[in-house]
Amino acid sequence: MPLVHFGSLGLQVCIDGFSPISTMPIQQLPSDAPFTPEQLQSLNSVFSTASSEQVFYLRGFLSGVASVGGVTAGASAPVAAASAATPLTILFGSESGNAEGLADRLKAQASKAGFKVKVVDMADQKIEQLDKIENLLILVSTWGEGDPPGRAEDFFEKFASDVAPKMSKTRFSICALGDSAYADFCEMGKIADNRLIELGAERIYNRVDCDVDFDAPYQAWADGVIGKLKEICKPAAGGAPVAMAPAAVAAPVYGKSNPFPAPLLNKVNLNGTGSAKETIHAEISLEGSGLTYEAGDALAVVAENAADLVEAFLKAAKLEGRENVAFGDELSVPFEQVLRTKLDLRTVTKLVLKKYAKASANDDLLEKVEDKKWVDDYSWGRDWADVVADYPTHGMGAGEFLTILRPLSPRLYSIASSIAAHPDEVHLTVGTVRYEAHGRAKKGVCSTYIADLWNEGETAGVYFHHNKNFKLPADKSLPVIMVGPGTGIAPFRAFVEERAATEATGKNWLIFGDQHYSTDFLYQTEWQEHLKNGVLTKLDVAFSRDQPEKIYVQDRIREQGKEIWEWLDRGAYFYVCGDATRMAKDVHQALITLISEYGKMDVKEATAYVKQMQKDRRYGRDVY
């Protein structure tokens, strides 16, 4: 397997793109490296803080450079036959960063295959120029109930209109990202697929619809579609890489495929006595991981199912749990262990219900799952112990469930800390989910795993999920407005800590809401201290249950509309974090209304203003 070694960088690039990355963290370049002093300073600054995901990106980028242009020691390495390389456009629409991250991975793989690759955000793509693209690969996520990512709304609106040109000279394929827990699974990928056919484009490889566990289906699609494009286009061949000095001994690189076993340092319930809520503040150690993050990123936690849920499922399925099954690379593992650590027993979806109905030969259930309303009503509050109890298996074995149930996916939480304020640590703000439904006590998988099962000093697997769409402005003099009710406060604790640590001069305005002032004012003393020292310029709160009429953050936004517009008119960034179902939509509408009123625009102009804010990343949403 050919490798390119970049000397004392400590970075080992695998040219075929499948072996793991080598050393982490990257070492400093020596003073005799063939760079100017200014270049050395810049490169060493990057290498000293590179995250595992950034190392992965460097790996792919250098792999592409090596394979397309050839790398020779001690000499410049022009890209071989770059002018003759076949052009390929990768178009992405991303809400939380998944599609964008995969677009970067696809670029590295396609560059290695000899294509001249251009990656474009849907927010930046001019619809009128789509017909100029010969080879088009699209990665797009579906957000909420069948909606496009915020920054891609304008693209899809124009794409569906008469503005879109005929695309008879375009070859394409689509990788759609979604969550089968939602009815309109991968809807935006399906819409794009159908529209391209309507416009006359040629689908050269079938669309793949990826669920939350998207790595394997994405990679199968990427391998297949690039192989197909190579057959059709015969891109320029890459030069053979030449090995340089040996790299350092490989160290573990932590990420999604290899979560870091992070010790829990401390956890505390932020809510006061008598609150209807339980919100856990968790402090987690990153010491020795080589991992870092930015304010606005998320942390994935690899959780386990609670023992009582596993027991209820086994009882309903009339299984013992001691049955040995083959799972992954393990040929014989107890079924109970697989249920506890690998399979999703909580989420009931139409797709999995249909698979179960077929496997259990239940015609009644098979007929019912075709009714969307029935599925929505039935799945609410139920887990797989309920389903199997309601619709018995008729003797299904343990192994059959492995092909039916969804994988137990890590849960993502908005990070509630700045690494500049808490070196080697990451903090979370987690609302625990507990309720009674259908005769049993129910609870959220990961929230109660953190609250009940992850004890101080013990480890759990974690990795970071980076989101370019939810970041503080690079210009530290610009003001920011942050709207975060409940646990939506998490990233804004990180933002304010980051603004303090970097001595940002821009004003900071926080709008927070919850049920009661006395029991639910999360991080109250910290906000008061930030107000006192001037880091936080303005704080507005909305405690919905402290008066007869309910008051929410969107009400505060309407009340403060004039001043919010003044901040926006001066270039302020506007952020929202929390509930996507109602709060985020209400805040979005309140934002359009105030811009229309105080910016003296009609609704159409105000809506366009908000869309432009999204394109410019001045309006960030971290909603769930």
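Q: Where does glutamate 503 sit?
A: In this predicted model, glutamate 503 lies in the loop that runs between helix H15 (490-501) and strand E20.

Q: Buried or exposed, that glutamate 503?
A: Glutamate 503 counts as exposed, since its relative accessibility is 68% and the cut-off for exposed is over 50%.

Q: And what about its phi?
A: The phi of glutamate 503 is positive, at about 55 degrees, although the residue is not a glycine.

Q: Which loop holds arginine 617, and what is its phi?
A: Arginine 617 is in the loop between helix H21 (603-615) and strand E23, and its phi, near 60 degrees, is likewise a positive value in a residue other than glycine. With a relative accessibility of 25%, arginine 617 counts as partly exposed.

Q: You mentioned E20 and E23, so what is the strand order in their sheet?
A: The sheet is open and has 5 strands, in the order E21-E20-E19-E22-E23, with parallel pairing. Strand E21 (538-543) and strand E23 (619-623) each have a single partner strand, so they stand at the edges and one side of each is left without a neighbour in the sheet. From one strand to the next, the twist averages 10 degrees.

Q: How many bridges hold E19 and E20 together?
A: Strand E19 (residues 480-483) and strand E20 (residues 508-514) pair over 4 bridges in the parallel sense, and within this pair isoleucine 481 stands opposite tryptophan 509 of E20.

Q: Switching to the other strand pair, how do E3 and E4 run?
A: Strand E3 (residues 86-93) and strand E4 (residues 115-121) run parallel and are joined by 7 bridges, with leucine 88 standing opposite valine 117 in E4. Between them the chain passes through helix H3 (residues 98-112), making a β-α-β crossover that is right-handed.

Q: Now the core: which residues of the largest one touch the most other members?
A: The largest nonpolar core has 35 residues, and those that touch the most other members are Phe313, Phe335, Tyr356, Trp384 and Phe401. At least two residues of this core come from each of H7, helix H8 (335-341), helix H9 (350-359), helix H11 (372-379), helix H12 (384-390) and helix H13 (398-402). The largest share, 7 residues, is supplied by H7.

Q: What does phenylalanine 313 touch?
A: Not counting residues up to four places away in sequence, phenylalanine 313 touches Phe335, Leu339, Leu345, Trp384, Ala385, Val388, Phe401 and Leu405. There is also a second, separate core of 29 residues, which includes Ile481, Val553, Phe574 and Met583.

Q: How far is alanine 317 from glycine 395?
A: Alanine 317 and glycine 395 are 78 residues apart in sequence, and their C-alpha atoms are 8.1 Å apart in space.

Q: Last topic, how many disulfides are there?
A: A search of the whole structure finds 0 disulfides.

Q: And cysteine 233 and cysteine 446, buried or exposed?
A: Cysteine 233 is buried, with a relative accessible area of 16%, and cysteine 446 also counts as buried, at 2% relative accessibility.

Technical notes: Residues numbered from 1 in each chain as written. Predicted model: local features only at pLDDT ≥ 70, side-chain atom pairs only at ≥ 80, totals over all residues. Heavy atoms only, no water. Pairing = 2+ DSSP bridges. Axes fitted to C-alpha atoms, helices over the stretch in contact; angles between N-to-C directions. Core = buried A, V, L, I, M, F, W, Y, C linked by side-chain atoms within 4.5 Å. Buried < 20%, exposed > 50% of the residue type's maximum accessible area, 1.4 Å probe, protein only. Contact = heavy atoms within 4.5 Å. Disulfide = S-S within 2.5 Å. Right-handed = clockwise from strand over helix to strand, strands pointing away.
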